[in-house]
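Dear colleague,

I am passing on the structure below, together with some notes on what was found in it. Please read them with the model open beside you.

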Amino acid sequence: MQRRYITVDVFTDRAFGGNQLAVVLDAGGLTTAQMQAIATEFNYSETTFVLPSCDRANDAEVRIFTPVRELPFAGHPNVGTAFVLATIAKESKPQLLFEEKAGLVPVDIVRERGRVIGAELTAPQKLARLAQLSAADVAACMSLAADDITTDHHAPQVVGVGTPFVVAEVRSREAVRRAKPDAAAFGRMLPRDGAFSVYFYTRDVPAAEAPCERQARMFFPGASGLIEDPATGSATVAAAALFADLDPMRDGELKLTIGQGFDMGRPSMLLTRVRKQDGKIVSAHVGGSCVQMMEGTFRLAGEG
């Protein structure tokens with residue numbers, strides 16, 4: 001059986017930026033082991049598999065795999081998969097609903113002059129604030145000193161809105177730039193409360209990197225050791241929800257543009273917004289532009 005796939009760069013408006021994603025269409029009949037093997041073969045940070053929805057009211061079941069494990073929810077795979085499905089669809093829909101391990105994920109389609117240019121997801125779960133960690137332990141994971149971490153706004157903490165991450169604030173843009181993953185420190189600290197990855201950011205953003213209001217990086221375990229992700233929508237929307245939770249605003253919307261991937265040559269722009277009512281978060285969103293890159297087909301050995 002020939003299976004179609006399309007690759008996209010997500011959270012960018014130009015080719016060879018953002019985060020790469022492979023979207024495998026016609027994924028029915030694939031086993032979990034086969035999906036994992038295909039994702040390892042693509043070796044992108046994530047690969048998605050589009051399956052018929054269990055509930056006909058929804059648009060698809062979407063399963064998300066890194067090269068080493070399945071994820072219950074992730075950001076750029078949702079944005080990129082929605083972009084692909086909306087681009088090839090005969091029917092124009094303003095929103096797609098995806099069934100995922102973490103729950104139902106609504107993804108709004110972004111169009112410009114009638115053309116699909118991107119998407120914005122709504123996080124499937126409420127903000128979870130879990131274990132707090134020491135600045136020294138988190139700094140070691142990034143080969144930084146403890147005083148490179150600032151706790152003025154929050155301590156390093158495991159947070160998530162579907163998938164958990166360690167989120168930490170770094171004092172300077174320079175420290176973010178020189179960070180390197182340390183495998184031994186990762187092994188001592190993680191996993192923690194389901195988090196395998198460290199997402200870190202700074203508010204110290206130079207004017208040349210505007211309109212970004214934060215600059216972030218993320219290290220995670222890949223098939224060949226610790227690697228960096230060019231754009232992590234699920235961590236970014238969790239961090240944005242944390243910022244909103246800490247904000248004294250009772251009603252309104254906190255909007256932030258967060259840059260990622262700049263220090264690895266794949267600049268990404270993630271647009272976040274978090275809505276609050278009566279001092280509580282009611283929804284958290286992240287979106288951005290996408291660019292289609294390649295498409296093709298494959299057939300697994302042994303399939304008809």
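Two strands are said to pair if DSSP finds at least two bridges between them, and strands (E, at least two residues), like helices (H or I, at least four), are DSSP runs numbered from the N terminus. This is a predicted model, in which local features need pLDDT of at least 70 and side-chain atom pairs count only at pLDDT 80 or more, while totals for chains, interfaces and linings use all residues. Residues are numbered from 1 along each chain as its sequence is written, and side-chain values use heavy atoms, with hydrogens and water left out.

Strand E11 (residues 164-169) pairs with strand E12 (residues 198-202) in the parallel sense over four bridges, and Val166 has Val198 of E12 as its bridge partner. With strand E10 (residues 157-160), E11 pairs in the antiparallel sense, also over four bridges, and here Gly160 stands opposite Pro164. Three residues lie between the strands of this hairpin, where Gly162 takes a positive phi near 155 degrees.

Six of the six residues of E11 are buried, so the strand is largely enclosed by the rest of the structure; buried means under 20% relative accessible area, with a 1.4 Å probe and protein chains only. Pro164, Val166 and Ala168 point one way, and Phe165, Val167 and Glu169 the other.

Elsewhere, Glu46 belongs to strand E3 (residues 46-51), and its side chain makes a polar contact with that of His76 at 3.1 Å. A polar contact is a pair of N or O atoms within 3.5 Å; within protein, one must be able to donate a hydrogen and the other to accept it, and residues adjacent in sequence count only if both atoms are side-chain atoms.

With best wishes

Technical notes. Buried < 20%, exposed > 50% of the residue type's maximum accessible area, 1.4 Å probe, protein only.
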